[in-house]
Amino acid sequence: MTVTEKRLRMFVDYLKGSTEIIDSYSGDGKMESAIKYAKQEVKNEIGDMLEEILDMDEKEILAEIKYDSSGNKLPPLGYE
């Protein structure tokens, strides 16, 4: 595992392990609480996506980056 991958895995752990403090006694309104829940959900989703990418093997990654989200072939990156 490279240093960059280790750092990214630490970031994944941070994202998935961090929690927004939602305290019903703090005076936060419904909107503030909803925003905190949404932020936590986004952090978890980003962590999950990053972890999925880190778990891919090199062939899968190269196959993924050759096509855009619509399935169209992308031009070569120049370092393959």
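Select Asp55 and Arg9: their side chains meet in a salt bridge, 2.9 Å from N to O. A salt bridge here is a side-chain nitrogen of Lys or Arg within 4 Å of a carboxyl oxygen of Asp or Glu. The pair links distant parts of the chain, with Asp55 in helix α2 and Arg9 in helix α1 (residues 3-17), 46 residues apart. The model is predicted: local features need pLDDT of at least 70, side-chain atom pairs count only at pLDDT 80 or more, and totals for chains, interfaces and linings use all residues. Residues are numbered from 1 along each chain as its sequence is written, and side-chain values use heavy atoms, with hydrogens and water left out.

**The whole chain**

Zoom out and colour by secondary structure. The chain has 3 helices and 0 strands, and its elements run α-α-α from the N terminus on. Helices (H or I, at least four residues) and strands (E, at least two) are DSSP runs, numbered from the N terminus. Of the 80 residues, 11% count as buried. Buried means under 20% relative accessible area, exposed means over 50%, and partly exposed lies in between (1.4 Å probe, protein chains only).

The chain exposes about 6,800 Å², and carbon and sulfur atoms supply 58% of it. Accessible areas come from the Shrake-Rupley method with a 1.4 Å probe; for residues, only the protein chains shown count as cover.

For contacts, meaning heavy atoms within 4.5 Å, consider residues at least 6 apart in sequence: 48% of such contacts in the chain join residues at least 24 apart.

Glu5, Arg9 and Asp55 are linked in a network of salt bridges. Asp55 counts as exposed because its relative accessible area is 52%, whereas Arg9, at 21%, is partly exposed. Side chains of opposite charge can pair when their charged atoms come close.

Next, select Lys16 and Asp48. They form a salt bridge whose closest N and O atoms are 3.0 Å apart. This pair too links distant parts of the chain: Lys16 is in helix α1 and Asp48 in helix α2, 32 residues apart. Lys16 counts as partly exposed because its relative accessibility is 35%. Asp48 is likewise partly exposed, with a relative accessible area of 39%.

The side chains of Glu51 and Lys16 meet in a salt bridge of 2.7 Å, N to O. Glu51 lies in helix α2 and Lys16 in helix α1, so the pair ties together parts that are 35 residues apart in sequence. Glu51 is partly exposed, at a relative accessible area of 27%. In total, the structure holds 4 salt bridges.

Select Leu8, in helix α1. Leaving aside neighbours within four places in sequence, Leu8 is in contact with Leu50 and Leu54. Leu8 counts as partly exposed because its relative accessibility is 31%.

Move to Gln40, in helix α2. Is Gln40 buried or exposed? Gln40 counts as buried because its relative accessibility is 13%. Not counting residues up to four places away in sequence, Gln40 touches Leu15, Ser18, Thr19 and Glu20.

**Surface patches**

Select Val42, Ile46 and Met49. They form a nonpolar patch on the surface, with about 270 Å² of accessible area together. Patches are made of residues with over 30% relative accessible area and no salt bridge; like charges are joined within 9 Å, and nonpolar side chains (Val, Leu, Ile, Met, Phe, Trp, Tyr) within 5 Å. Val42 is in helix α2 (residues 30-55) and counts as partly exposed because its relative accessible area is 43%.

Now select Glu52, Asp57, Glu58, Glu60 and Glu64, which form a negative surface patch. Lys and Arg count as positive and Asp and Glu as negative, while His and the chain ends are not counted. The place of a charge is taken as NZ of Lys, CZ of Arg, CG of Asp or CD of Glu. Helix α3 (residues 58-65) gives the most to this patch, with 3 residues. Glu64 lies in that helix, α3.

**After α3**

Finish at Pro75, in the segment after α3. Pro75 is exposed, with a relative accessible area of 61%. Pro75 and Ile65 are 10 residues apart in sequence and 9.9 Å apart in space, C-alpha to C-alpha.
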